[in-house]
Amino acid sequence: MKKIIVLGLLLNILLFSSNSMAKVVRHQLAQSIEQREPIGDYAANVKVKAGELKKVFFFTQITDLANTQITHRWFYQGQEKAVVTLNIGSDNWRTYSSKMIPSYWSGTWQVQVWQEDKLLLSSEFTVTQEP
C-alpha cells in the first residue's frame, strides 16, 4: 500500500510540475536573427570557405518556462565547444545563441537545449569546408 501511495505522489509531481510541460515549439539553425526571428535556414548543412569564419545562430522558441533559464550547448565531433545560458522571460519566449565556426572545424556539430538537468532538444548539422 505504501508503494502505491509513493508511486501516486511521484506521478503527480511529474505530471503537474511546471517544468514538465516545457517544450521547444520551434528551432532553427539560421544565418542571422532579426527581431528575435531566424533569417535564412541552413537546414543541416553549413558551408564555410577555406580560411574563413562563419557565424551560425541557433534559434529556439520555448513555452511554459517563464522566469527560468535554458542552456544551449554546442558540440563539435562530440566535444563541447560552447555553453550559453539564456534567460526565459515569459511562457512563450524566443531566444538564440550563436557560434563562430572556422572552416577547419568541418564535420558533425550538435546543439543541445537544456533546462536544468533536462534535455529538451538535440539538433545535429554538418559543417563543410569549401575551396
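User: Hello! Which residues does E37 touch, not counting residues up to four places away in sequence?

Analyst: Welcome! This is a predicted model, in which local features need pLDDT of at least 70 and side-chain atom pairs count only at pLDDT 80 or more, while totals for chains, interfaces and linings use all residues. Residues are numbered from 1 along each chain as its sequence is written, and side-chain values use heavy atoms, with hydrogens and water left out. With contact meaning heavy atoms within 4.5 Å, and residues up to four places away in sequence set aside, E37 touches R26, S32, F59 and R94.

User: With which side chain does the side chain of E37 make a polar contact?

Analyst: A polar contact is a pair of N or O atoms within 3.5 Å; within protein, one must be able to donate a hydrogen and the other to accept it, and residues adjacent in sequence count only if both atoms are side-chain atoms. For E37, such a contact is found at 2.7 Å, and the partner is the side chain of R94.

User: Is E37 buried, partly exposed or exposed?

Analyst: First, its place: E37 sits in strand 2 (residues 37-41). Strands here are DSSP runs of E, at least two residues, and helices are runs of H or I, at least four, each numbered from the N terminus. Buried means under 20% relative accessible area and exposed over 50%, with partly exposed in between (1.4 Å probe, protein chains only). E37 has 24% relative accessibility, so it counts as partly exposed.

User: How far apart in space are the C-alpha atoms of E37 and T95?

Analyst: In sequence, E37 and T95 are 58 residues apart. In space, their C-alpha to C-alpha distance is 8.5 Å.

User: Which residue in the turn between strand 5 and strand 6 has a positive phi?

Analyst: Strand 5 (residues 68-76) and strand 6 (residues 79-88) run antiparallel, with nine bridges joining them. I70 has L86 as its bridge partner in strand 6, and Q69 has N87. The two strands form a hairpin with two residues between them, and the one in the turn with a positive phi, about 50°, is Q77.

User: And which turn residue has a positive phi in the hairpin of strand 8 and strand 9?

Analyst: Strand 8 and strand 9 (residues 118-130) pair in the antiparallel sense over nine bridges. Across this pair, W109 has F125 as its partner, and Q110 stands opposite E124. Two residues lie between the strands, and the one in the turn with a positive phi of about 55° is E116.

User: Which residues have the most contacts inside the largest nonpolar core?

Analyst: A nonpolar core is a set of buried Ala, Val, Leu, Ile, Met, Phe, Trp, Tyr and Cys residues joined through side-chain atoms within 4.5 Å. The largest one has 24 residues, and the elements giving two or more residues to it include strand 1 (23-34), strand 4 (53-63) and strand 8. Those with the most contacts inside it are V46, W74, W109 and F125.

User: Is S123 buried or exposed?

Analyst: S123 belongs to strand 9. Its contacts, leaving out residues up to four places away in sequence, are H27, F58, W109, Q110 and V111. With 16% relative accessibility, S123 counts as buried.

User: Is Q35 buried or exposed?

Analyst: Q35 lies in the loop between strand 1 and strand 2. Its phi is near 50°, a positive value in a residue other than glycine. Most residues other than glycine have a negative phi. At 77% relative accessibility, Q35 counts as exposed.

Key: Two strands pair if DSSP finds at least two bridges between them.
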